[in-house]
Amino acid sequence: MSSNEPKRPSEDNAFWTIFGYMLSGLLIWGGIGWGLDQWLNTGFFLLSGLLLGMGSALYLVWLRFGRK
Amino acid sequence: MKDNEEGKVRNMEGTLNLVGFGLAAIGPGIATGLIFAAYINGVARQPEARSVLQPIAFLGFALAEALALFGLVLAFVL
Amino acid sequence: MLSYAAEVGKDEGFNPPDAGDFNLPPFIEGNEFATKPILLVFLSVILISIFFILASRKAALVPSKLQFAGESVYSFVRNDLGREVIGHEFMRFVPYLFTLFTFILVNNLFGIIPLIQFPTMSRISFPYVLAAFTFFIFHYVGIRKQGFLKYMKEIMFLPGIPKPAYILITPLELATYFLVRPMTLSLRLFANMFAGHLLLLVFILGGEHLLQGVIGLKLISPFAFAIGIALTFFEFMVQCLQAYIFTLLTALYIAGALADEH
């Protein structure tokens, strides 16, 4: 009756997990960059924060799903 | 913008950023569709290739998704 | 940002439906809790209870049609969402998953049932509360299973990467687990129901408005109604899908919290 392992392949999990990682990468690092911009009256922290967040989110996705 | 004299044209306010985001989302949408179409095709033809194809498909999906989310965020912050 | 509706008077011309149409006034004067969404939530609880009590009252080996319907919903949730996703400990979570699925499904379907026609989940408070339940349950399950420190360590530190990378990765993991997951869970359900209801309003009210125009516009209005009816069936699909996705993601999060290592 009961199996020991979840039988479903990881596709539907991975789809939403990747989406969540990308979104939180942009929100966290982009948010930090935006805050620095507001604080220091500059304009480039937001963009670099977004790029950094996107880069680290892609790195995390590669760590989780890319390397085998 | 208020109504004009005839009252025919209703006022439309808002930001063109969201129209831009709508346009920018077309590309990643098509890309995601192509990626998963190719992935499903490959797995259907050769089921044992799944473990090889899966990381590639997910990384491709993540890259396409990155562009869509960039558009979303920039539509709000710019 | 989009404030066109605020200044449009309700006197003449076509008033496009907007977010204000979701703000239904209370039907008892002065009692702000007596609104249609609240009434619909109680109605959904009553309907679900009556249906499943009737379906399971005379359980027989050869099921009646009602019993068959009730049992197929239950076995769908138990097998496809519970056992397939969570694994061998699934039986503990089936009551919650089943409640969640039927509750969201019935409340979504209120959006296309004639004479009711208001999806309860298009008021954002309800998805917030449901997502909060899921949030607390999956963290509670993970902490109970592994202990607080080990659970947090597992979330924050992915094994096998160079040390400096943790500066980049750890905030992302924390934000994903504690911010993005409940946020996307509630907003996905809310946005789908909100947009779907707005879409139906646009076509039905637009068709009605065209009907009052000149003869040329009258000829166009059947098309608007036809698209409205077609979209109603489309909405039926979306509503079932959203109830399924909400429950599936809840099961996936619980399964992730139960798993010993990633």
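**Exercise 1. Is S122(C) buried or exposed?**

Solution. S122(C) is buried, with a relative accessible area of 2%. The cut-offs: buried means under 20% relative accessible area, exposed means over 50%, and partly exposed lies in between (1.4 Å probe, protein chains only).

Before going on, note the ground rules. This is a predicted model, where local features need pLDDT of at least 70, side-chain atom pairs count only at pLDDT 80 or more, and totals for chains, interfaces and linings use all residues. Residues are numbered from 1 along each chain as its sequence is written, chains are lettered from A and ligands numbered from 1 in the order in which they are written, and side-chain values use heavy atoms, with hydrogens and water left out.

**Exercise 2. Find where S122(C) lies, and list what it is in contact with.**

Solution. 
- Step 1: S122(C) lies in the loop between α4 (94–109) and α5 (125–146) of chain C. Helices (H or I, at least four residues) and strands (E, at least two) are DSSP runs, numbered from the N terminus.
- Step 2: list its contacts. Contact means heavy atoms within 4.5 Å. With neighbours within four places in sequence left aside, S122(C) is in contact with F22(C), F190(C), M193(C) and F194(C).
- Step 3: compare sequence with space. From S122(C) to A191(C) is 69 residues in sequence, yet their C-alpha atoms are 7.2 Å apart.
- Step 4: look at the polar side chain. A polar atom of the S122(C) side chain lies 2.7 Å from the backbone oxygen of P119(C).

**Exercise 3. Locate H139(C), and find the partner of its side chain.**

Solution. 
- Step 1: H139(C) sits in helix α5 of chain C.
- Step 2: H139(C) is buried, and its relative accessible area is 7%.
- Step 3: its side chain makes a polar contact with the side chain of Y151(C), at 3.0 Å. A polar contact is a pair of N or O atoms within 3.5 Å; within protein, one must be able to donate a hydrogen and the other to accept it, and residues adjacent in sequence count only if both atoms are side-chain atoms.
- Step 4: beyond neighbours within four places in sequence, H139(C) is in contact with Y151(C), Y177(C) and F178(C).

**Exercise 4. Describe chain A, then chain B.**

Solution. 
- Step 1: count the elements. Chain A has two helices and zero strands. Chain B has three helices and zero strands, in the order α-α-α along the sequence.
- Step 2: check burial. In chain A, 43% of the 68 residues are buried. In chain B, 29% of the 78 residues are buried.
- Step 3: check the surface. Chain A exposes about 3600 Å², with 66% supplied by carbon and sulfur atoms. Chain B exposes about 5000 Å², with 71% supplied by carbon and sulfur atoms. These areas come from the Shrake-Rupley method with a 1.4 Å probe; for residues, only the protein chains shown count as cover.
- Step 4: check confidence in chain A. pLDDT is the predictor's confidence in each residue, from 0 to 100. Chain A averages 81, and 81% of its residues score at least 70. Over residues 1–9 of chain A the pLDDT is below 50; this stretch has 17 contacts in the model beyond near neighbours in sequence.

**Exercise 5. Which residues form the salt bridge between chain C and chain A?**

Solution. 
- Step 1: the contact takes 33 residues from chain C and 27 residues from chain A.
- Step 2: chain C and chain A bury about 2600 Å² between them, 66% of it on carbon and sulfur atoms.
- Step 3: the count is one salt bridge. R64(A) pairs with E173(C), the closest N and O atoms being 3.2 Å apart.
- Step 4: α3 (65–86), α7 (165–211) and α8 (215–258) of chain C each supply at least two residues of the side that touches chain A. The largest share, 13 residues, comes from α7(C).

Technical notes
Buried area = accessible area lost by both parts, 1.4 Å probe. Salt bridge = Lys/Arg side-chain N within 4 Å of Asp/Glu carboxyl O.
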